[in-house]
Amino acid sequence: MSLDTISLSGRKKEVSNKKMNFWESIYLVAILKGLMITIKHLFKRKVTIKYPEQIREFSPVYRGQHMLKRDEKGRENCTACGMCAVACPAEAITMTAAERKPGEEHLYREEKYASVYEINMLRCIFCGLCEEACPKDAIYLTESKVIVKSASHREDFIYGKDKLVMPLEMAIKNSKSLN
């Protein structure tokens, strides 16, 4: 078996060095084909949306802002297991785990919780893998049309628990609507 017959991908093709004829050598046919494509696109209807007057429909699989859920008693669901950080292909999620202290039972469901939970929105690709990986259903991507606000400093795009944790009023409202 020689190296000429081995193909790892199975897509090996034999390339021929056939001599081009006169018309192929001046590339006139290729240039005309390219011009025809350009002319066709010139007369197509434009898909520009005039933003303030018209609002584009979002896709049915749209994923918005991240949110850390609370349970019906207002306690955080996140147990800092790190599954979301491992699943994130962009490595945008970082967290620090801490032990729950006596008297904090009303804040956290489990003995271990995320004392620091940060998502770098500049790195996040909103793929939803963190949501799928979470065993406690603690993080989800909302359907709200609120997107990451513009800022001039990189630190403003690192969202901590202050921006990610579900507001207490919303958690209580959600638990009442489930009952």
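How much of the accessible surface of the protein chain belongs to carbon and sulfur atoms? The accessible surface comes to about 14200 Å², and 58% of this area belongs to carbon and sulfur atoms. The structure discussed in this report is a predicted model.

## Overall form

The protein chain contains 6 helices and 5 strands. Read from the N terminus, these elements follow the order α-α-β-α-β-β-α-β-β-α-α. Taken along the principal axes, the C-alpha atoms fill a box of roughly 85 × 60 × 40 Å. The radius of gyration of the protein chain is 27 Å, whereas a compact globule of 179 residues would have a value near 16 Å.

Of the 179 residues in the protein chain, 26% are buried. Contacts can also be sorted by the distance in sequence between the partners. Among contacts between residues at least 6 apart in sequence, 69% join residues at least 24 apart.

An unreviewed UniProt entry lists Cys 88, Cys 124, Cys 127 and Cys 130 under "binding site". These residues are spread over 43 residues of sequence, yet they cluster in space, with a largest C-alpha distance of 10.4 Å.

Two members of this group may be described in detail. Cys 88 is situated in the loop between helix 3 (83–87) and strand 2 (93–99). Cys 124 is situated in the loop between strand 3 (112–120) and helix 4 (129–133). Is Cys 124 buried or exposed? Cys 124 counts as buried because its relative accessibility is 14%, and the cut-off for buried residues is under 20%. When neighbours within four places in sequence are left aside, Cys 124 is in contact with His 66, Ala 92 and Ile 119.

Which residues does Cys 78 contact, leaving aside its neighbours within four places in sequence? The partners of Cys 78 are Lys 112, Tyr 113, Ala 114, Tyr 117 and Ala 138. With residues up to four places away in sequence not counted, Cys 81 touches Met 95, Lys 112 and Pro 135.

Thr 79 is placed in the loop between strand 1 (66–68) and helix 3. Apart from neighbours within four places in sequence, Thr 79 is in contact with Glu 110, Lys 112, Tyr 113 and Lys 136.

## Accessibility of the residues described

The table sets out the relative accessibility of the residues discussed above.

| Residue | Relative accessibility | Class |
|---|---|---|
| Cys 78 | 12% | buried |
| Thr 79 | 12% | buried |
| Cys 81 | 41% | partly exposed |
| Cys 88 | 12% | buried |
| Cys 124 | 14% | buried |

Cys 81 is classed as partly exposed because its relative accessibility is 41%, a value between the limits of under 20% for buried and over 50% for exposed residues. Cys 78, at 12%, is therefore classed as buried.

Notes: Residues numbered from 1 in each chain as written. Predicted model: local features only at pLDDT ≥ 70, side-chain atom pairs only at ≥ 80, totals over all residues. Heavy atoms only, no water. Helix = DSSP H or I, 4+ residues; strand = E, 2+ residues; numbered from the N terminus. Rg over C-alpha atoms; globule rule 2.2 N^0.38 Å. Buried < 20%, exposed > 50% of the residue type's maximum accessible area, 1.4 Å probe, protein only. Contact = heavy atoms within 4.5 Å. Areas by Shrake-Rupley, 256 points an atom, 1.4 Å probe, with all protein chains shown as cover. UniProt positions renumbered as here; feature names shortened; annotations may be inferred.
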